[in-house]
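Here's a quick briefing to read with the model open in your viewer. It goes from a working definition to the overall build, then on to a handful of individual residues.

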Amino acid sequence: MRVGVLTGGGDCPGLNAVIRAAVRKGVQEHGWSFTGFRDGWRGVVDGDSLPLDVRAVRGILPRGGTVLGSSRTDPFGVPDGVRRVREHLAKEGVDALIVIGGRGTLGIAARLHAEHGLPLVGVPKTIDNDLSATDWTFGFDTAVGIATEAIDRLHTTADSHRRVLVVEVMGRRTGWIALHAGLAGGANIILVPEQRFDLDQVCAWVDSRFEATYAPILVVAEGARPRDGSQVGGSVGAWLAAAIERRTGKEARTTVLGHVQRGGSPSAFDRWLATRFGLHAVDAVRDGAHGATVALRGTEVVRVPLAAATARLKTVDPALYAEAGVFFG
C-alpha cells in the first residue's frame with residue numbers, strides 16, 4: 001500500500017510529530033510506502049510530492065512547523081482542481097491520503113470524500129482548539145505555554161512602570177488561548193470573542209486594580225469586540241490600550257504576540273498527542289475507515305466522521321468564562 005500525507009492551513013507545533021509517527025508505524029508494521037505532498041492541497045493539485053521513509057522523518061519530532069510545507073489552497077477553487085487531485089493521486093499510486101489540518105483543510109477533505117469518494121483520513125490540528133470533534137488539538141498547548149510565559153514576563157514591567165499592559169493573543173473566532181493563558185498567567189482581565197465586552201466595565205476593573213496598588217494585565221483575543229458596536233479596525237489590543245488611556249488617564253501599552261504563538265518546538269503534551277494521532281491515523285487507513293478523522297475524547301483516541309469534525313465551531317462555554325471572572329479587577 002502507498003499512503004499520501006499532507007499538512008494544510010496554518011502551521012503549528014506538532015505537525016512533524018504526526019508525519020513521523022505515521023511513517024514509522026506504516027513502514028515498520030505494515031511495510032507500506034509513503035508520499036508527502038508539498039504545501040497542503042497545492043501539492044496534490046500540482047502533483048508536487050516527495051518520498052517519505054524512516055530516514056526522512058528521523059529527528060523531526062521536536063521541530064516546529066512542517067517539513068512538508070503548508071498552504072491554504074482549495075482544490076474546489078482551482079480550475080479543474082478536483083480532477084487534478086484525482087489524477088495526481090492515481091499517478092502516485094496513492095491508496096489512501098492522510099490529511100492533517102484544521103477546519104478549512106479537513107472541510108475540503110470531507111467534501112472530496114463525500115462528493116468524489118476519495119480515500120481520505122483526517123488528523124485535526126489548530127492552535128485555536130476550536131474543532132468540536134476533539135477535546136484537544138495539538139499545537140494549542142504550545143501556544144498557551146508561549147502566551148503564558150509572555151504574560152509572566154510582562155507582569156514585572158507593568159508593575160515597574162505602573163502601566164496597563166494589554167496582551168493580544170490569537171483567536172479570531174474563539175477565545176481558548178486567551179482564557180487558558182490568561183488564567184495561567186494571572187491576568188486581571190480576559191476578553192474573548194464569545195463575550196462582547198463593556199468598555200466602561202473594563203476601565204472600572206483597571207481603576208480597581210490600580211487602587212489595590214497593582215498594575216493590571218489585560219489579555220484579549222484578536223477577535224474580541226466591544227458590546228456597543230464600536231468599530232475597532234486593526235489591532236483590538238492597540239484600540240483597547242488607546243481607549244483605556246483616554247478614559248482612565250493611566251498609561252497603557254500593547255504587546256501583540258501574533259505568530260510567535262504558533263512557532264518553535266512543540267510542548268511535551270503536543271508531541272504526545274500528535275504522535276498518538278499519527279499512529280491512530282495509520283490504524284484508520286489499515287481498517288479502510290475512509291471519511292473519518294481521529295479525535296481525542298478524554299484520554300482515548302477515537303474516530304469520527306470528517307463532516308462532523310468541521311460542522312460546528314467549538315466555542316468557550318459561558319460558564320467556563322464566568323469562572324475566570326473571579327480574578328477580574
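A contact here means heavy atoms within 4.5 Å. With that in hand, take Leu118: leaving aside neighbours within four places in sequence, Leu118 is in contact with Val85, Arg86, Leu89, Leu112 and His113.

A word on where the values come from. This is a predicted model, in which local features need pLDDT of at least 70 and side-chain atom pairs count only at pLDDT 80 or more, while totals for chains, interfaces and linings use all residues. Residues are numbered from 1 along each chain as its sequence is written, and side-chain values use heavy atoms, with hydrogens and water left out.

**Overall build**

- The protein has 11 helices and 11 strands; these are DSSP runs (helices H or I, at least four residues; strands E, at least two), numbered from the N terminus.
- The radius of gyration is 22 Å, close to the 20 Å that the globule rule gives for 329 residues, so the protein is as compact as a globular protein of that length. The radius is taken over C-alpha atoms, and the rule is 2.2 Å times the number of residues to the power 0.38.
- Along the principal axes, the C-alpha atoms fill a box of roughly 70 × 35 × 30 Å.
- Among contacts with a separation of 6 or more, 75% are between residues 24 or more positions apart.

**Surface and charge**

- Of the 329 residues, 53% count as buried. Buried means under 20% relative accessible area, exposed means over 50%, and partly exposed is in between (1.4 Å probe, protein chains only).

**The loop between α4 and β5**

- Gly117 sits in the loop between α4 (103-116) and β5, and Leu118 is in that loop too.
- Gly117 is exposed at 54% relative accessibility, whereas Leu118 is buried at 7%.
- Gly117 and Gly291 are 174 residues apart in sequence, yet their C-alpha atoms are 8.6 Å apart in space.
- Leu118 and Cys12 are 106 residues apart in sequence and 26 Å apart, C-alpha to C-alpha.

- As background, most residues other than glycine have a negative phi.
- Asn129 isn't a glycine, but its phi is positive, about 55 degrees. You'll find Asn129 in the loop between β5 (120-124) and α5 (140-161), buried with a relative accessible area of 3%.
- Arg162 also has a positive phi, near 55 degrees. Arg162 lies in the loop between α5 and β6 and is partly exposed at 39%.

**Buried loop residues**

- Thr174 lies in the loop between β6 (164-169) and α6 (176-184) and is buried, with a relative accessible area of 1%.
- Beyond residues up to four places away in sequence, Thr174 touches Asp128, Asp130, Pro193, Glu194, Ala221, Leu313, Lys314 and Thr315.
- Gln261 is in the loop between β9 (252-256) and α9 (268-286), and at 0% relative accessibility Gln261 counts as buried.
- Gln261 touches Ala143, Ile146, Val169, Met170 and Ile177, again skipping residues up to four places away. Gln261 and Ala143 are 118 residues apart in sequence and 4.7 Å apart in space, C-alpha to C-alpha.

**An exposed loop residue**

- Thr299 is in the loop between β10 (292-297) and β11 (300-305), exposed at 66% relative accessibility.
- Thr299 and Ser208 are 91 residues apart in sequence, with 41 Å between their C-alpha atoms.

**Cysteines**

- How many disulfides does the structure hold? The count is 0, a disulfide being a pair of cysteine sulfur atoms within 2.5 Å.
- Cys12 is buried at 1% relative accessibility, and Cys203 is buried at 7%.
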